[in-house]
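Student: I'm new to this one. Could you pick a single part and take me through it closely?

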Amino acid sequence: MPKIKSYYYKLAIELVLNLYEEGLIYEKEQEDYLNWIPYKLELAVEKDKHVIDGISFSLEGLKCFIKKMEYVLNERNISSEYEKISYCGPEAEFEIIFQNKDDYWEDRIIDTEVWLNASVIEMQQGGYFLGYKFNIKFEDLKQFVRELKEKLQALLQKGEGEEMIDNSI
């Protein structure tokens, strides 16, 4: 399961994104925006756990999310001026923002913000977002993207077998 953990002495935050087959709508001949991949997003912050479930990515949206994370990974090779890269979930249920940090750290670090729409978190009221800002290792984001692409590829092969976008990272 693709996951990211916060970086510091104590691992206090863990983000897990699980794509699953139950409810998968995939036909290779259809446009990507007509294909849907169900997911469960879990954000564990110390003793609290926030869960978003029962919502699906369009294949187009999931590919966009992967491309944005790949941009963050590739940005270190082309610039020292780092942008904030943002992705909002398909139904505005979450937003994730990444920004590379300066290279004076021992490990390459990425600032990460996760905002969750309270109305889609189990047992919460609506009208506001819960947000967390933390750092992750560059290598951990790279692993997260790799695992997410592998999981997506496996699901698509069960559907009808579409080749996944660039797997070079």
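Tutor: Strands here are DSSP runs of E with at least two residues, helices are runs of H or I with at least four, and both are numbered from the N terminus. A quick note on the source: this is a predicted model, where local features need pLDDT of at least 70, side-chain atom pairs count only at pLDDT 80 or more, and totals for chains, interfaces and linings use all residues. Residues are numbered from 1 along each chain as its sequence is written, and side-chain values use heavy atoms, with hydrogens and water left out.

Back to our pair. Strand 2 (residues 13-19) and strand 3 (residues 36-45) run antiparallel, joined by seven bridges; two strands count as paired if DSSP finds at least two bridges between them. Zooming out, the strands belong to an open sheet of four, ordered 1-2-3-4 with antiparallel pairing. Strand 1 (3-5) and strand 4 (48-58) sit at the edges with a single partner strand each, so one side of each has no neighbour in the sheet. From one strand to the next, the twist averages 10°; angles run from 0 to 180 degrees between N-to-C directions, with axes fitted to C-alpha atoms, for helices over the stretch in contact.

What packs on the sheet? Helix 1 (residues 59-78) does, touching strand 2, strand 3 and strand 4, where contact means heavy atoms within 4.5 Å. The direction of helix 1 makes about 125° with that of strand 4.
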